[in-house]
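Subject: Structure handover

Hello,

Here is the structure I said I would pass on. Please have it open while you read the notes that follow.

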Amino acid sequence: MAVVTSLRSRDYGLDDQEVRQARVDLAAAFRWIARLNMHEGIANHFSAAVSADGTKFLMNPRNRHFSQVRASELLLLDTNDPKTMERPDAPDPTAWCIHGRIHANLPKARCIMHLHPKYSTALAALEDNNMYPIDQNTMRYYGRMAFDNDYAGMALSEDEGDRLSLAIGDKPVLMMANHGVLIASSSIGLAFDEMYYFERAAETLMTAYATGKKLRVVSDNIAKLTASQWTDYPSMADDHLNEIKAILDKEEPEYRS
């Protein structure tokens, strides 16, 4: 698919250059998640809204390995198009049902990332799947998580996407029991940073559990303070993604094409 160059801000909320940048940023996120082995081959999905109401969005093409995604390949989809799944390049059906409905229902969710990474998914498989505040990374998510404990199979209906929209509400993280994790953020950089640190936090917590020792959980006041400090930390998410793009520009520059 060629890079889309005919988008207009009156239709999509972003100008041509902003849409182009969104494509590059999202492609970089795919490539880096593959390097971190947080992907599942050709499964899982990222999307980024390019219209003010969230109904127009970019998403990875079906059956494309994260490590191979290019900016130009990202599908431009419309949640209001009933013929989307009839397209020759139709997206993965579970991706469409989840991302399409969340973008339609939650326009502030500018970027949605859904993964089944090792430690986050292991945490999601526990009866008590809360992220206890035991270090700075785990404290980042204190009071910022929603929980969906009603897994009922793969998301193959729009009703499931609507249900997940209600479940996440205004939280940036949805812990999906027996499934994985979903991040909904105001930008691609922030969504990537939240996903990266959530998996790191889950790794720390699951490693602590593996010792069989009692967790040293900090007070609610300290956890809340640290979470707010993470939220207010200046430009960290954008700087993180910019550094990743700098590495990819040297080692895998074709991701921009």
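Does Asn37 count as buried or exposed? Asn37 counts as exposed, because its relative accessibility is 59%. Before going further, please note that this is a predicted model.

Two loop residues

Asn37 sits in the loop that joins helix H2 (16-35) to strand S1 (45-49). Its phi is positive, about 60°, although Asn37 is not a glycine. As background, most residues other than glycine have a negative phi. Another asparagine, Asn63, also has a positive phi, near 65°. Asn63 is placed in the loop between strand S2 (56-59) and strand S3 (75-78). With a relative accessibility of 52%, Asn63 counts as exposed, since the cut-off for that word is over 50%.

Helix H2

Phe30 lies in helix H2. Phe30 has a relative accessible area of 0%, so it is buried. What does Phe30 touch, leaving aside its neighbours within four places in sequence? The contacts of Phe30 are Phe46, Asn60, Phe66, Val69 and Leu74. For a distance across the chain, take Phe30 and Glu160: they are 130 residues apart in sequence, and their C-alpha atoms are separated by 24 Å.

H2 also packs against helix H9 (residues 236-251), at an angle of about 80° and with the axes 10 Å apart. That angle makes H2 roughly perpendicular to H9. On the H2 side, the contact is made by Gln21, Val24, Asp25, Ala28, Arg31, Trp32 and Arg35. On the H9 side, the residues are Leu241, Ile244, Lys245, Ile247, Leu248 and Glu251. Sorted by class, the contact of H2 with H9 has seven nonpolar, one polar and five charged residues.

Helix H3

A second pair of helices is H3 (residues 93-105) and H6 (residues 158-168), which pack at an angle of about 50° with their axes 7 Å apart. H3 and H6 are therefore oblique to each other. Their crossing is right-handed. H3 contributes Trp96, Cys97, Ile98, Arg101, Ile102 and Asn105 to the contact, while H6 contributes Glu158, Gly161, Asp162, Leu164 and Ser165. By class, the residues of the contact of H3 with H6 divide into five nonpolar, three polar and three charged.

Thr94 is also found in helix H3. Thr94 is buried, because its relative accessible area is 14% and the cut-off is under 20%. Not counting residues up to four places away in sequence, Thr94 touches His45, Met154, Ala155 and Leu156.

Cysteines

How many disulfides does a search of the whole structure find? The search finds zero. For comparison, a disulfide needs a pair of cysteine sulfur atoms within 2.5 Å. Cys97 counts as buried at 8% relative accessibility, and Cys111 counts as buried at 0%.

Regards

Definitions and conventions:
Residues numbered from 1 in each chain as written. Predicted model: local features only at pLDDT ≥ 70, side-chain atom pairs only at ≥ 80, totals over all residues. Heavy atoms only, no water. Buried < 20%, exposed > 50% of the residue type's maximum accessible area, 1.4 Å probe, protein only. Helix = DSSP H or I, 4+ residues; strand = E, 2+ residues; numbered from the N terminus. Axes fitted to C-alpha atoms, helices over the stretch in contact; angles between N-to-C directions. Parallel < 35°, antiparallel > 145°, perpendicular 65-115°, else oblique. Left-handed = near helix turned anticlockwise from the far one by under 90°. Contact = heavy atoms within 4.5 Å. Nonpolar A, V, L, I, M, F, W, Y, C, P; charged D, E, K, R; others polar.
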